[in-house]
Amino acid sequence: MLNFVIRRLAVMVLTALVLTFVVFTLTNLPPNLEKLAKSEGSVRMSDEAVASWLQQNGHTGPMIGRYGQWLGVLPGWTFEENGTVTGRCIAKGMTAEDAPRYCGVLQGNWGFSTVFKQPVLDVLGRSLGHTGWLMLWVMIVMVPSSLIIGVLSGMREGSRLDRVLSTFAIATTATPEYVSGVILVAVFASATAGVSPWLVEQGWISGKTLFQGTATSAMDKITFWNFTLPVMTIALYGIGYIARMTRASMTEVMTQQYIRTARLKGASFGHVVMKHALRNALIAPFTVIMLQFPWLLNGVVIVETLFNYKGFGWTLVQAAGNNDIDLLLGCSVVAVFVVLVTQLISDIGYVFLNPRIRLA
Amino acid sequence: MDTLGWGSILSMMAARFWPVWIALVVTFALSIAFKRRLGLYGKLFDSPIGMVGFALVMFWAFTAVFADQIITFDPLTQFRGLKNALPGTAVPDSEYGWFLLGGDNLARDVFSRMVMGAREVLKIAPAATVFAFMVGITLGLPAGYFGGRLDTLLSFLSNLVLAFPVILLFYLLVTPEMVQTGIPMYMAAVLFLFPVIFLCTLWNSRYFTSPGKRNLYVGLSLAIGLWAYSGLAFNADPTGLWSMDPNLLNVFVSVVFVNSPTVFRIVRGLTMDLKARDYVSAAQTRGEKSSYIMLWEILPNARGPLIVDFCLRIGYTTILLGTLGFFGLGVTPESPDWGSTINAGRRLLSVYPHAAVVPALALMSLVLGLNLLADGLREESLKD
């Protein structure tokens, strides 16, 4: 087991290194750097001015060397002009002798965001906090409801309940977040269309709409009114998928010999489902839920843009849209980290839950 | 002319779709009449779910084909005073007379844009899926069949791509700067080579015993394949028949790139499962070449799950294209594709929902149709 975890960790570190290098290369392509130079310097820079700006700011040299500096395994660049030394690790008001030699991600220096005019770590910390709340509520809604739907439809395959729930599950998997978000807002949060005008007429709601169409106010205080729609939008897509996986694994378990034995023994149907089938049926969905995290990341980007909720996804869009290289790299590190860790957890959890799998 | 009510809007829309209804009725009548002779496709008409899915998919496919007959206005023309017009608003001094589903924030007809959007989506999604399958099959078969180092390397590479959050990848790849650097062209040069390799190996492994036939098939594949290849990847086709706009090429390549590792994993898994079967051992004993065993013994027997996944994947590709449009990546601003129209409509969503809801429902019904079709196919292919 320990051997397995160590090997997995080694592959994970290698993957993370390759992925961050790819992102670094793609964000530091010559056209991107030229755009950065023009936005930091002046728009009407000549080609020579751009080239010298890039050289003064350490954007020249081989890509792998710059990546090493960003990572913090190579000494940061320095540039000497008219006796004053500037460099990657030399902060304002610091002499070249006092500055540390290495200052990359490993040393905790994630760079400076040009969009938010703040250190990248601060921006990431704040936005991840917001997204954390969103994710928490999504999980609270998504996991139990999808498991219940899956188990209910899988325990009697082909029944009417199964047909209804399966159709619902297929419909939700066919609805990407940007579609369900738009439809939910139109139905529940529009003052002119959907159910809200009718509810106001009946006098059942005091505000203008049933739910709020933006989640900006949820950053200060989460309420049922402003947070329901974003959470539902992300959760709906996942519910269908996890429910279908749970259903498949439940139907498979229900045909096993030991379920028939338990039924023949005289155990009630409810007892068989709860005691004998459930645990075995939940192994596959566990993996799926874990692997769903990368997908949630996708949903988070769409939903935060749609509902204007300034979390991680919104930050990523801002960083990418404004050519904010350091922030985009920071976001990618977080995203890649989340994906790899969830993969590892799902592998290990799978082994723990399923006694039939033994790893040498 | 008065503003229309919902009843007349719906009936007039149904009337506009007349070529689609005729084509659908003909397709269904012919398919049901000959369903016993049509193999898996015919069996689809035994499953109600599959039929509903097939009808939805074909509805949009025929809409894309007959879009020019269905649209009521030019999708790019703006009409004065009809900004955000509600569904059923009359258009004075015009040939057709009404904005059936209202106007968008630039006073264009939502209905016509939705219909033209179907064409935009269905032009790219199936083709991108086919390419992803070619790449996935060409790499997945040897990885699963031979195993060893090749498998380790290819699996590592596919896991690398899969570990990338899709949106981040799109934001990095689908940018104007990326087109400047020419990276999409290099990616296209690699990815578009796979169909040619696949076809040549396919014919060669089967007909290498009769050189006449082999030379004909391989020659034809090479000639047409490389002709299309030069045009699509490098825009260097002398006749100009095959060409792709650089932005579109970028979108296409990115979508293929994102999809192919998943196909690779599926094909690899299926191959590993099938290579232990008796007919594979029999072929090995006969002394068949590996390429023949992979392409003519294993691949046909893996077709069931692959066809099902193909339907699901077209839906997924449609969703991806919508995502790209939603973030305004790689498409021209006035493009009528569903993702960008949803994006354009969402700004005024709570006041004038129709401009965003119409393409949203269209996209949802197409993907739903593909999912139902895949479900029906899976059910029917498991029966035998």
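This is a predicted model: local features need pLDDT of at least 70, side-chain atom pairs count only at pLDDT 80 or more; totals for chains, interfaces and linings use all residues.
Chain B comprises 384 residues, and its secondary structure comes to 18 helices and two strands. Along the principal axes, the C-alpha atoms of chain B fill a box of roughly 80 × 55 × 40 Å. The radius of gyration of chain B is 23 Å, which agrees with the value near 21 Å that a compact globule of 384 residues would have. Of the 384 residues in chain B, 46% are buried. When contacts in chain B between residues at least 6 apart in sequence are considered, 71% of them join residues at least 24 apart.

Within chain B, helix H8 spans residues 166–173, and because seven of its eight residues are buried, this helix is largely enclosed by the rest of the structure. The buried residues of H8(B) are Val166(B), Ile167(B), Leu168(B), Phe170(B), Tyr171(B), Leu172(B) and Leu173(B).

Between the two chains, 42 residues of chain A are in contact with 34 residues of chain B. On the side of chain A that touches chain B, at least two residues each are supplied by helix H1 (2–27), helix H2 (30–40), helix H6 (160–173), helix H7 (177–188), helix H12 (283–307), helix H13 (312–321) and helix H14 (325–353) of chain A. By residue class, this side of chain A divides into 31 nonpolar residues, 10 polar residues and one charged residue.

Key. Residues are numbered from 1 along each chain as its sequence is written. Chains are lettered from A and ligands numbered from 1 in the order in which they are written. A residue is buried if 20 or more other C-beta atoms lie within 10 Å of its own, exposed if 12 or fewer, and partly exposed in between; C-beta atoms are placed from the backbone. Helices (H or I, at least four residues) and strands (E, at least two) are DSSP runs, numbered from the N terminus. The radius of gyration is taken over C-alpha atoms; the globule rule is 2.2 Å times the number of residues to the power 0.38. Two residues are in contact if their C-beta atoms, placed from the backbone, lie within 7 Å. Ala, Val, Leu, Ile, Met, Phe, Trp, Tyr, Cys and Pro count as nonpolar, Asp, Glu, Lys and Arg as charged, and the others, Gly among them, as polar.
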